[in-house]
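Here is a short briefing to read alongside the structure. Take a look at the fold as a whole before turning to the details.

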Amino acid sequence: MTATACGPVDGTVEVVDAGAPGERPARCVAVIGGTEKVFAGHFPGFPIFPGVCVVEYVQRGALATLPEPGGALAAVESARFLGPVFPGSTLSCEFTWSRDDATGDWRCRAEATTERGLAARVRLRFGAREKREATG
């Protein structure tokens, strides 16, 4: 299974393992191609993949492994960038899902790594699409 969407990045996310909440994390990978359009301005002569683009790939992987269909991103609760992502890197993401009993929202803690080690830690929250549209 692959996931693509409209956004600041061109590539796709491949689900390696859909995971099982409370049992095993979900896993996705994405190859950061050197042709990503963001590299032209970030930074010429020394391309580094912007953090917002890392979050976009994490969000795509999370959406592809969301334990229940029909969810929509409700919040980026935190994002911490710990290492650079360069053209040609393979971004591997691991997602640990939990359910918020009070709201029914799904939360995931994601770690994104490259061949050089940990690149980012991101926490996302997903709510029911109907609920998002009613309040949004």
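Helices (at least four residues) and strands (at least two) are taken here as DSSP runs, numbered from the N terminus. With that in hand, the elements of this predicted model run β-β-β-α-β-β-β-β-α from the N terminus on.

**The chain overall**
- The chain has 2 helices and 7 strands.
- Of its 136 residues, 38% count as buried.
- Its accessible surface comes to about 7300 Å², and carbon and sulfur atoms account for 54% of that.
- Among contacts with a separation of 6 or more, 64% are between residues 24 or more positions apart.

**Strand 6 and its neighbours**
- Strand 5 (residues 90-99) pairs with strand 6 in the antiparallel sense over 8 bridges, and Ser98 stands opposite Arg107.
- These two strands form a hairpin with 6 residues between them, and Gly104 in the turn has a positive phi of about 85°.
- On to strand 7: strand 6 runs antiparallel to it, joined by 9 bridges, with Val122 as the bridge partner of Ala110.
- The hairpin from strand 6 to strand 7 passes through 2 residues.

**A closer look at Phe126**
- Phe126 lies in strand 7 (residues 117-128) and is buried, with a relative accessible area of 2%.
- Phe126 touches residues including Gln59, Leu63, Leu73, Trp97 and Trp106.
- Phe126 and Trp106 are 20 residues apart in sequence, yet 5.1 Å apart in space, C-alpha to C-alpha.

Terms used:
Residues are numbered from 1 along each chain as its sequence is written. This is a predicted model: local features need pLDDT of at least 70, side-chain atom pairs count only at pLDDT 80 or more; totals for chains, interfaces and linings use all residues. Side-chain values use heavy atoms; hydrogens and water are left out. Buried means under 20% relative accessible area, exposed over 50%, partly exposed in between (1.4 Å probe, protein chains only). Contact means heavy atoms within 4.5 Å. Accessible areas come from the Shrake-Rupley method with a 1.4 Å probe; for residues, only the protein chains shown count as cover. Two strands pair if DSSP finds at least two bridges between them. Lists of a residue's contacts leave out its neighbours within four places in sequence.
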